[in-house]
Amino acid sequence: MDKKYKKITWKCGVCDSIQESYSNRRWDMDICKCGQSGMDLEESYSRQMGEIIIVKEEILEENE
Ligand SMILES: [Zn+2]
């Protein structure tokens, strides 16, 4: 069965490091290098802190 999930590539506005967040990783807060920014991406919502600049949003398929 194919399951869709979301991938967001984002950049911290403070340290400029690029991070990737996936909606299929549950309860996982992705933090940038300097620790000022983070994103918790879930299927139905995302929680953000700090200065997040969205670089790219993709819908991907999971093959099981
Ligand atoms: Zn940072």
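Analyst: Two strands pair if DSSP finds at least two bridges between them, and strands (E, at least two residues) and helices (H or I, at least four) are DSSP runs numbered from the N terminus. This is a predicted model, in which local features need pLDDT of at least 70 and side-chain atom pairs count only at pLDDT 80 or more, while totals for chains, interfaces and linings use all residues. Residues are numbered from 1 along each chain as its sequence is written.

User: How many helices and strands does the protein have?

Analyst: The protein has six strands and zero helices, and along the sequence the pattern reads β-β-β-β-β-β. Its radius of gyration, taken over C-alpha atoms, is 12 Å, close to the 11 Å of the globule rule (2.2 Å times the number of residues to the power 0.38) for 64 residues, so the protein is as compact as a globular protein of that length. Along the principal axes, the C-alpha trace spans about 40 × 20 × 15 Å.

User: Okay, which strands does β4 sit with in its sheet?

Analyst: β4 belongs to an open sheet of three strands in the order β3-β4-β5, with antiparallel pairing. The edges are taken by β3 (29–31) and β5, each with a single partner strand, so one side of each is left without a neighbour in the sheet. On average, neighbouring strands here are turned by 15° against each other, direction ignored, where the axes are lines fitted to C-alpha atoms (for helices over the stretch in contact) and angles run from 0 to 180 degrees between N-to-C directions.

User: How many bridges join β4 to β5?

Analyst: Four bridges join β4 (residues 38–41) to β5, and the two strands run antiparallel. Gly38 stands opposite Met49 in β5, and a hairpin through four residues joins the two strands.

User: And what about β3 and β4, over how many bridges do they pair?

Analyst: β3 and β4 pair in the antiparallel sense over three bridges; Asp30 stands opposite Met39, and Ile31 has Gly38 as its bridge partner. Their hairpin has six residues between the strands, and in it Gly35 takes a positive phi near 85°.

User: Which residues of β4 are on its covered face?

Analyst: Met39 and Leu41 make up the covered face of β4, whereas Gly38 and Asp40 are on the uncovered one. As background, side chains in a regular strand alternate between the two faces of the sheet.

User: Now the other sheet: what is the strand order there?

Analyst: The order is β2-β1-β6, again three strands forming an open sheet with antiparallel pairing. Here β2 (18–22) and β6 stand at the edges, and each has a single partner strand, so one side of each has no neighbour in the sheet. Neighbouring strands in this sheet are turned by 20° against each other on average, direction ignored. β1 and β2 pair over five bridges, with Trp10 opposite Gln19 in β2.

User: Which residues make up the largest nonpolar core?

Analyst: It has seven residues, namely Ile8, Trp10, Cys12, Cys32, Met39, Leu41 and Ile52. β1 (2–12) and β4 are the elements that give two or more residues to this core, and the largest share, three residues, comes from β1. A nonpolar core is a set of buried Ala, Val, Leu, Ile, Met, Phe, Trp, Tyr and Cys residues joined through C-beta atoms within 7 Å. A residue is buried if 20 or more other C-beta atoms lie within 10 Å of its own, exposed if 12 or fewer, and partly exposed in between, with C-beta atoms placed from the backbone. Of the 64 residues, 16% count as buried.

User: What does Trp10 touch?

Analyst: Leaving out residues up to four places away in sequence, Trp10 touches Gln19, Ser21, Met39, Ile52, Ile53, Ile54 and Val55; two residues are in contact if their C-beta atoms, placed from the backbone, lie within 7 Å.

User: Last one: where is Glu51 found, and why does it count as partly exposed?

Analyst: Glu51 is in the loop between β5 (46–49) and β6 (52–63), and it counts as partly exposed because it has 14 C-beta neighbours inside 10 Å. Apart from neighbours within four places in sequence, Glu51 is in contact with Cys12, Gly13, Val14, Gln36 and Ser37. Glu51 and Ser37 are 14 residues apart along the chain, and their C-alpha atoms are separated by 5.7 Å.
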